[in-house]
Structures are given as structure tokens and as C-alpha cells.
Amino acid sequence: MSITLLEPEFKIIRDDDRCIRCGVCERQCGFDVHEYDPDDDEIVSDNTKCVGCHRCVSLCPTNAVNIVRNPLHFKTNANWTGKVIKDIYKQAETGGVLLTGMGNPKPYPIYWDHMVLNASQVTNPSIDPLREPMELRTYLGRKPDKIEIDYSSGEPKLATKLAPQLTLELPIVFSAMSYGAISYNTCQALARAATEAGILYNTGEGGLHRDLYKYGKNTIVQCASGRFGVHQDYLNVASAIEIKVGQGAKPGIGGHLPGEKVGEAVSQTRMIPVGTDALSPAPHHDIYSIEDLRQLIYALKEATRYEKPVSVKIAAVHNSAAIASGIVRAGADIVALDGLRGGTGAAPTMIRDNVGIPIELALAQVDQRLREEGIRNQASILVAGGFRNSADIVKAIALGADAVYIGTAALVAMGCHVCQKCYTGICNWGIATQDPQLEKRLNPDIATRRLVNLLRAWGHEIEEMLGGMGINAIESLRGNRLHLRGVGLTDTDLKLLGIKPAGEGA
Amino acid sequence: MSQSKKADNKKQNYVIIGNSAAAVGAIEGIREADKDGKITVISKEPYYAYSRPLICYLLAGQVKASKMLYRDKDFYKKKKVKTVLGKKATGLDLEKKAVLMEDGEKVSYQKLLISTGGVPFVTPIKGLDNDNVFTFTTWDDAKNLDKLVKKIKKVVVIGAGLIGMKATEALHARELDVTVVELADRVLSLALDKKASDMVKDQLKEMGIRVFTNNTVVGITGSGNKVERVILKDGTTLECDAVIVAIGVRPNVELVDGTKIAVNRGIIVDSHMQTSVSHVYAAGDVAEAPELLAEGNKVIPIWPGACEQGHIAGCNMAGVEEEYIGALCMNSIEFFGLPTISVGLANVEGEEYEVLSKYDQKEKTYKRIVLKDDVVVGALFVGAIDRAGIYTGLIKERADTKNFKKELLSDNFGYVSFPKELRIKKLQVIEVG
Amino acid sequence: MKRVYAKEEVCIGCRLCEIHCLVEHSKSKKIVKAFREEFPRAMPRVMVEEKGGISFAIQCRHCDEPYCAEACMTGALSKDEETGAVLHDSEKCVGCWMCIMVCPFGAIQRDKQGKKIASKCDLCPDKEIPVCVANCPNEALVFEER
């Protein structure tokens with residue numbers, strides 16, 4: 001067996017004067033990086049195993065441990081970077097497809113960072129959210145072309161029958177993350193936080209654990225290509241159903257949960273045997289045309305007595321606008337777009353990093369196309385893919401979204417350090433794992449609290465930004481691209497985004 | 001100690017004869033319910049209650065006289081207890097409800113507690129009346145021996161029970177040459193089994209202490225009145241300057257001789273520590289109380305037992321009903337750095353018992369668990385005494401160990417070995433989510 | 001009275017409770033000094049029991065009617081009338097281990113490094129919240145009345 005050419009990515013630096021040999025780092029590292037040597041009375045760390053998740057750093061009671069990028073340099077080469085070289089070494093050694101977790105880390109342009117918001121001055125006074133009421137509530141679902149009011153009883157009553165709507169207290173929904181990819185405790189925290197904050201969470205393609213049925217009112221259940229866990233109760237307990245056609249992290253291919261992560265509970269929830277790989281096929285094998293999609297949408301509506309909105313989620317790809325138009329005409333109440341930065345529990349690196357388009361462009365185009373076709377009211381647009389803070393959310397709504405899915409941000413709130421090793425099943429923060437020992441680390445009480453805190457913080461920030469723009473209802477911002485200006489963008493970017501460049505007035 | 005009902009506040013007159021563990025327990029028990037009643041404590045010893053088991057530490061020089069008191073100096077004052085110390089109670093008038101004192105005085109009572117403890121058991125050996133022959137159960141015994149220690153070289157201790165062994169250890173610590181003579185086939189025959197006893201014997205050997213088993217002293221001789229040698233059953237003679245007689249202790253029931261109070265070996269009491277005469281209670285080494293592990297009553301003279309019984313007697317005397325779960329034999333004694341703990345039927349053998357044991361020669365540790373129908377009835381530890389109390393708890397609760405029996409001997413036996421429901425019940429561990 | 005209770009479902013077996021308990025009962029009360037410069041090292045009063053995937057911290061329950069105080073032959077163990085904590089007086093203790101013999105929780109240990117005395121939880125009298133509870137990274141210990 002020849003040597004491995006893969007050198008450590010990280011280097012552990014231990015301040016020996018502060019290290020008290022308590023062994024917490026050894027006990028807490030699921031990758032077995034640290035080991036106590038009783039003969040020399042010291043902790044020895046194996047850099048080759050470190051994934052940079054910072055668990056040891058966070059728990060060390062004397063702050064004796066630090067982790068840095070391993071300063072091992074290749075000769076400077078803009079084309080043949082260290083990463084590219086190491087990827088080839090890995091494949092030469094294993095013959096395998098490169099796998100990874102979380103979202104696209106490559107330095108594609110982030111259009112959110114090239115868009116700025118307006119603020120009111122002088123002519124249009126800003127609103128103080130601490131003194132004036134602010135409406136952040138958002139309704140997702142098909143809106144009618146017109147409404148009719150019935151005055152016959154003396155009081156105005158809505159005569160038009162509305163299609164089923166979802167009520168969100170904030171324009172934020174927790175993104176689809178499957179039970180199996182993430183631990184049960186994480187699912188529980190998402191469900192509880194969504195319920196407490198008055199928003200929703202999405203089960204992803206892992207089915208819904210029976211113990212979480214009580215949060216059904218705040219649950220969107222997914223019907224993905226593998227149809228894992230899809231049955232009568234599953235559909236009926238939820239508030240909405242989402243047909244997952246694709247996801248931003250891996251457009252064009254299906255989901256993959258390794259057999260090691262399929263234990264008793266996951267097996268029961270997904271309705272597959274213990275230990276089998278859960279492979280979702282790339283297409284739904286009953287959707288080969290837009291008419292097939294319409295059939296599935298209405299089959300789901302029939303099964304749930306037309307009481308729940310049906311969403312269709314696609315990855316943002318080149319002709320997203322045309323696809324979205326087709327989806328709306330097929331009867332979907334919500335179109336969910338997942339951009340280039342979307343996260344995943346496991347995906348081939350090449351696909352995650354090179355397939356799909358940024359959500360900003362997809363959103364602008366889809367919103368534009370639906371408006372042009374006069375059908376924008378027929379479905380709400382939910383966008384996903386790397387939303388990092390409340391400013392990204394405000395910009396997305398201004399660009400045309402009804403609400404924003406957050407996935408990575410929610411995990412980070414719960415402790416994720418984005419080390420991208422989810423596909424190994426070892427997660428020192430108890431999130432992307434089915435190992436019962438590791439799962440304990442995610443205390444649902446603490447995680448719920450952290451998620452609710454994040455939502456509360458972002459809600460206040462959104463109110464501040466709205467108030468600054470002189471708006472007191474999120475509805476006034478929706479699709480209002482005049483509140484956005486581009487900075488450092490090309491004419492083509494500006495045209496695609498449908499926004500003016502900064503410096504240009506009204 | 002379980003159910004209790006609230007007392008009605010009558011100004012009672014409580015008298016306690018004896019002033020050791022049971023008495024203190026009783027005082028505390030009474031005062032929990034009755035803040036005003038009159039309490040009088042009578043003791044033939046001239047001291048406030050002291051920690052009797054500490055006399056061997058005192059003799060060994062490991063503890064100072066100032067540390068001997070069991071409670072603070074102002075305990076009696078704070079608890080409003082009148083003490084009559086250094087005076088002996090010689091009789092009882094149950095009709096008139098009075099205690100007769102040696103100086104003719106009479107102390108009347110409404111509720112009486114007899115906690116006179118035990119007296120050393122002495123068999124008729126020739127030469128017992130020589131100087132420098134001691135028993136070893138009181139502070140004064142320790143004081144007297146202490147005065148003598150510098151003047152003597154060799155001591156023979158008769159009896160290798162708990163008192164004899166602790167006396168041996170103390171005298172050895174004072175650099176005397178000690179020889180132990182025991183009637184049974186092993187030291188500490190009541191508390192330990194053969195294996196554990198051998199481990200202790202090995203320690204004694206290492207310390208240079210000679211031990212004779214299956215033997216006893218039949219005569220003590222000397223010139224003048226001073227002890228010079230003892231003669232053993234098998235004819236061996238041992239030179240020595242002093243003899244400690246530590247054959248055993250029997251309940252001090254002298255006071256109730258000739259009265260209506262029922263006596264067997266000790267004063268018989270029920271689970272409320274009440275004697276056959278309703279206003280008279282008994283507790284501690286003098287009492288023959290209901291046993292935990294068997295039907296019937298037994299005298300089990302141990303410090304924790306005396307405290308518990310005293311406390312229960314006190315509560316019941318003050319009108320608060322408390323029931324005794326039963327006397328359980330238990331001892332914790334360390335000899336020459338080797339700790340031992342024995343609880344319940346620790347050294348029994350027989351077909352009805354299941355015995356699990358583990359011995360590690362190198363570590364000098366031994367564990368012996370005795371079960372009957374999957375219930376722990378006895379536990380014996382030498383060396384590895386950590387967390388022994390968990391087993392004591394299992395014995396007291398008569399817990400069914402079927403689900404975790406195989407864990408009982410493991411080194412890290414603990415609450416993690418119990419099934420989850422049992423653990424949650426005992427610790428109130430709560431569930432998350 | 002408030003006591004410390006464990007939630008075994010979220011105990012991650014890190015033993016930070018033991019570490020902080022040791023520091024709180026050390027001479028310097030400073031973590032690096034307590035571990036590296038104090039000899040004999042102080043002892044933690046809380047123990048983490050761990051086996052087969054289950055772990056939780058266990059310490060003195062400060063029983064309403066403590067068996068240990070009853071069994072103690074020197075009166076070194078007593079229940080504080082104000083706080084309810086069962087306290088151990090190391091000056092009075094002679095290391096007879098009667099308390100170890102009777103504690104049904106096995107919560108008392110032999111102090112193996114210094115004087116021959118017993119060692120147990122004192123509910124951190126100098127702190128608002130016991131340090132084990134305050135420093136558990138996963139909130140697996142709570143301090144509450146039940």
C-alpha cells in the first residue's frame with residue numbers, strides 16, 4: 001500500500017501551558033483527533049483527521065486549543081491550486097466520486113452583496129418600528145385574479161372563495177432538511193421553533209417522525225422522487241405539501257442517504273429497510289412532462305381534499321422562468337426556487353459546485369416572467385439558497401419573493417460550523433448525524449431557543465429596514481424593485497435583475 | 001423511617017437514661033415535634049455525649065480530646081436538656097414512673113427512654129483482677145490506657161472482633177508489640193468471611209502483629225498485681241505488660257432486672273421502639289429491635305442503628321408516629337490502611353443463598369454479594385469500598401435485582417447499571433423534549 | 001429546596017461538571033493553577049456515570065433525612081438548617097467511611113489525595129447556582145425545586 005498524498009487541511013495549535021489534560025477534547029471529537037498519552041501526560045492531536053468543526057475549541061475549559069489552516073503551501077499557481085491538486089490525489093487514491101456536504105463554497109458572485117436598499121429622507125419620512133405597528137405577516141398560496149365583496153347582509157363579506165393559504169408571522173420558512181440527513185433532535189428543534197415563532201418548517205424527503213405529528217400545523221411535508229415516508233397520515237397532518245423536483249445543491253440528480261444513517265427510527269419514518277441506502281431517483285418516475293406534474297399536483301390535492309396548498313420545488317437552472325410558468329399553470333399554489341448556494345447533507349462535489357444558477361437571477365427572472373404572463377398572483381414564490389442574514393431576505397422580497405427558505409442559516413444558529421463533512425455521518429454538533437452518542441449534543445431545548453432568537457432578531461432587523469424605507473408592511477416591499485439599486489454590476493446583470501444602478505434616481 | 005403524623009403539644013416530661021448516640025438521636029427527635037417539653041438526660045459517665053468509636057483514634061493519637069464530643073458544647077443548652085452526669089441510675093419504679101438514682105434521689109418522668117448501651121462481656125479468666133487488665137469501651141478506658149502506654153512494651157488483646165482489632169491498631173500506632181488471641185477460626189469472624197478475614201490477617205502480619213486463632217486465654221499471671229504473662233488454651237505462654245479483654249459486648253439491661261419490662265438478650269421493643277410497658281422506650285445497643293432481614297427481634301449494636309433508633313424513639317415519645325424499618329447489621333472499619341465494609345448477611349453460606357464474589361490479589365480488593373431469590377441480603381467489601389452504600393440501599397429496599405444482577409460485581413456498578421425506570425424513580429431524572 | 005437534577009438524554013459525557021467542581025473546591029479556584037500547580041489536587045464532588053451510551057452526573061441528593069449524617073460517628077456530617085444542604089466538616093472527619101456505607105446514591109467518596117476524609121457535594125455555598133449546573137455545555141443539569 002503506497003502512502004497517501006493527502007496532507008492535513010487544518011492544524012491544531014495547543015497552548016501547552018493552558019492545557020490541563022482534562023480530556024474534554026478527546027472525549028468530544030467524533031473524528032478521534034485528540035488522544036491522551038498517559039506515559040508523557042500530554043494530549044496528542046492528529047491533524048490529518050481534523051475537519052475544522054471547532055468542537056474542541058468551543059468546549060475546552062481553558063481555551064487552550066485553536067485550529068488554523070494548515071500552512072502547507074504549494075508553489076503559487078492560479079490554475080493548479082492546492083485544492084484542485086488534492087482533489088485529484090483523492091480520486092487517484094480511491095477511484096471514487098468526490099462527496100461533500102452543505103452549500104457551494106466557490107467564489108461565484110453574490111448578487112445580494114451588490115444590491116443596496118433605499119432609505120427615506122425628507123420627502124417620505126421613515127417609520128420607527130419601536131413606535132409604529134409593522135406588518136411582517138405573509139400569506140403563501142394562490143391569490144385570486146379579483147375579489148368580490150358581498151354587501152347583502154349589510155356588512156361587507158368576502159364572496160370569493162380563497163384557495164388555501166399558509167400564514168407566516170415572518171416571511172421566513174425553515175428549508176427542507178430530511179430526517180436521516182439531520183438528527184431527530186434537530187428536526188424536533190426546527191418543528192418547535194417554527195411553531196413558537198409562527199412560521200413553518202419543511203420535512204425534506206425523509207418523511208415525518210410520528211412524534212412530530214403534533215407540530216403538523218407548522219409543517220410542510222415533501223413528496224420527493226423516492227416518495228420516502230409518503231402516506232395518507234403524512235399528507236393530512238401537514239399544512240402544505242411540496243413536490244420536490246430538484247434542489248439547488250444538486251440539480252438534476254436525486255437525494256442520497258447512506259445505509260449507515262438508516263437506523264430503526266429512520267427506517268420506520270422513511271418506510272425502507274434498516275441499513276439500506278436511501279437513493280432518490282433523479283426524476284420522479286411518474287413525472288415525465290408538465291402534464292404529469294399537473295396530475296401529481298391534483299392527486300395530492302384530491303388526497304387532502306383541496307385543503308392544503310401544494311408547492312413545487314425546483315433548482316434554479318438556466319430556463320427557470322419557463323419551468324416556473326409551467327408549474328404555475330399546472331396548478332401549483334407555491335413555486336419554490338433553490339439556488340446555486342443551496343445546502344445538502346451529501347452531494348457529489350462537482351455537481352454541487354458547478355450546476356445551477358444564483359438564486360438572485362432566477363428569482364428576478366421568474367417573478368418577471370410570471371408578471372408578464374399575468375399569472376404572478378396564481379402562486380407565491382419561495383426562494384432558497386444561501387440566505388445569510390435579514391438584509392439578504394429584505395432584498396429577496398424586494399426582488400419579488402413572497403418568503404425566504406433558510407437552511408444553512410438555521411443549522412448555523414444551532415451550532416453548525418459548516419465544516420462540510422455531513423456526508424460522513426459524523427457531526428460533532430449533533431446535527432447531521434444518526435449516531436445516538438453524537439445526537440445528544442443537540443439539546444432540542446437549547447436549539448429551539450437559538451432558532452427562535454435568530455428569527456426574533458431578524459424580524460426586528462427587517463422591521464428596522466422596512467421602517468427606514470418608509471414602509472410599514474412587508475406587502476409594500478414585495479416585488480418593489482425600485483427600492484433596490486445595483487452596485488458594481490454590469491448592464492446585463494442589472495437588466496436580468498431588473499434593478500437600476502446606484503446613482504440613478506427614481 | 002417512614003410515615004409520621006403531627007403531634008399535639010402537651011408539656012411532657014421526658015427522661016433519658018444513657019447519653020450516647022441513641023440519647024442524642026432521641027433528643028433531636030423529641031425537639032423536632034416538642035419544643036417545650038422537659039428533657040432530662042442521666043448518665044453514669046461524666047461526659048457530654050461523645051463519639052464512642054473515636055476512643056481508638058484517641059488512644060492512637062490521631063484525634064485530640066477536644067474532638068471527642070459528638071455534638072457542639074452548647075448542644076444541650078440549645079436543645080434545653082438538663083443533664084445529670086456522672087451519676088448512675090440504679091432502679092425503676094414503673095408504678096410511680098420514677099427513676100431511682102444511686103444517691104437515693106428519684107427522677108420522675110412521663111415518658112422514659114432506656115439507652116444504656118452495652119457493657120463489655122467478660123468470661124471468668126483467672127487473673128482478671130490484676131492491674132493493667134482493661135476492657136475498651138469508654139473514654140475513661142482510653143484515658144487510662146493512654147497513661148500506661150509509655151510505660152509498657154507488650155500487650156495481648158483477647159478477641160479479634162471489631163473492638164479488639166481497633167484496639168490492636170491503636171496500640172500498634174503507639175509502637176507497642178501487640179498479640180491477638182481469637183477463639184474463632186479467623187479474625188473478625190462475625191463481620192467477615194474467610195477470604196476477607198485472611199486479607200486483614202495478612203495486613204496484621206505485615207505490621208508484625210501476631211495472631212492466634214482457634215485459641216483463647218485461660219489465665220493471666222503476674223507478680224504483685226502487675227500482669228506479666230498470659231496462658232493460652234493450648235499451653236502457649238505470652239509475655240506481656242497489659243491485657244485488653246475484647247470478647248464482646250452485651251446489652252446493659254441491669255436497670256430493668258426484676259421489672260415488668262420484657263427482656264431477652266436486650267430490652268425487647270416494637271417498631272416504635274416501645275417496650276412491653278407503654279411509657280417506656282428503649283433504643284440503641286441495649287435494645288432488641290425488629291430486624292430488617294428476618295422475622296423477629298435482634299440486638300444489633302452499631303452506631304448508625306443507635307442514632308436511628310434513638311431518633312425514632314424520640315419522635316414516638318413526642319407523639320409523632322414513626323416506624324422503624326428494622327435493624328440492619330453493618331460495619332465500616334479500616335485496619336492498617338485496608339478499609340472493610342460489611343452490610344447485612346455478608347458472610348453467610350448455604351443453599352438458599354447465591355454468592356457472587358470477586359477477588360483481586362494484586363489490588364488487595366474483595367467484593368462479596370449475597371443474594372436470596374435475586375434480592376441482595378448481604379454485601380462485603382475489602383479495599384474496594386467505594387459506593388458501597390448503593391448496595392445497602394438495595395438491601396433496605398429489598399430490590400429485585402434480576403435485571404441487573406450480572407452488573408453487581410462490576411467495578412463501575414452504579415446507577416447507570418440500573419434499568420432506566422428504576423434510575424429515574426430514584427433520581428428523578430427528567431426527560432427532554 | 002433546590003437541588004441539582006440530571007437530564008440523561010442530553011448528557012454528552014464531557015465531564016466539564018467534574019472539572020468545574022474540582023476548580024470550585026480547589027485552593028486557588030483558578031482552573032489552570034488548580035490542575036497544574038496544586039498538590040494534592042482537589043477532588044470533584046460530582047461523578048459522571050457512563051456506560052453503553054448512557055451518561056449522567058450524580059452527586060449528593062441533600063436528602064431531607066440524610067442517612068450519612070445519622071451514621072457519622074463524629075458528627076462531621078450535618079444538615080444546614082438554613083440552606084438544607086448536607087455539609088461535611090473536614091476537621092471533624094476521621095475517615096471511618098460509615099457515610100460511604102450508608103449513602104444509597106454512592107455520592108460520597110474517599111479523598112484519595114490528601115487527608116483521610118470523606119468528600120461530597122456541598123451545593124456550592126458561595127455561588128448562586130452550583131458550578132456544575134452553570135458550566136454544563138448542553139444544559140444537562142438543572143438546579144430547581146421539585
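Visitor: Leaving aside neighbours within four places in sequence, which residues is Phe336(B) in contact with?

Guide: Keep in mind that this is a predicted model. Once the neighbours within four places in sequence are set aside, Phe336(B) is in contact with Glu169(B), His172(B), Gln203(B), Leu204(B), Met207(B) and Ile209(B).

Visitor: And where is Phe336(B) found?

Guide: Phe336(B) is found in the loop of chain B that runs between strand 22 (330-335) and strand 23 (338-344).

Visitor: Is Phe336(B) buried or exposed?

Guide: Phe336(B) has a relative accessible area of 11%, and because buried means under 20%, Phe336(B) counts as buried.

Visitor: What comes just after helix 5 of chain B?

Guide: Just after helix 5 of chain B there is Glu175(B), which takes a positive phi of about 70°.

Visitor: Switching to chain A, how do helix 4 and helix 14 of chain A cross?

Guide: The axes of helix 4 (residues 184-197) of chain A and helix 14 of chain A come within 8 Å and cross at roughly 45°, which makes helix 4 of chain A oblique to helix 14 of chain A. Helix 4 of chain A passes helix 14 of chain A in a right-handed crossing, and by class their contact has 9 nonpolar, 3 polar and 3 charged residues.

Visitor: What about helix 11 and helix 14 of chain A, how do their axes cross?

Guide: The axes of helix 11 (residues 390-399) of chain A and helix 14 (residues 444-468) of chain A come within 9 Å and cross at roughly 50°, and these two helices are therefore oblique to each other.

Visitor: Which residues of helix 11 and helix 14 of chain A meet?

Guide: On the helix 11 side of chain A they are Ser390(A), Ala391(A), Ile393(A) and Val394(A), and these meet Trp458(A), Glu461(A), Ile462(A) and Met465(A) in helix 14 of chain A. Taken by class, this contact between helix 11 of chain A and helix 14 of chain A has 6 nonpolar, 1 polar and 1 charged residues.

Notes:
Residues numbered from 1 in each chain as written. Chains lettered and ligands numbered in written order. Predicted model: local features only at pLDDT ≥ 70, side-chain atom pairs only at ≥ 80, totals over all residues. Heavy atoms only, no water. Axes fitted to C-alpha atoms, helices over the stretch in contact; angles between N-to-C directions. Helix = DSSP H or I, 4+ residues; strand = E, 2+ residues; numbered from the N terminus. Parallel < 35°, antiparallel > 145°, perpendicular 65-115°, else oblique. Contact = heavy atoms within 4.5 Å. Nonpolar A, V, L, I, M, F, W, Y, C, P; charged D, E, K, R; others polar. Buried < 20%, exposed > 50% of the residue type's maximum accessible area, 1.4 Å probe, protein only. Left-handed = near helix turned anticlockwise from the far one by under 90°.
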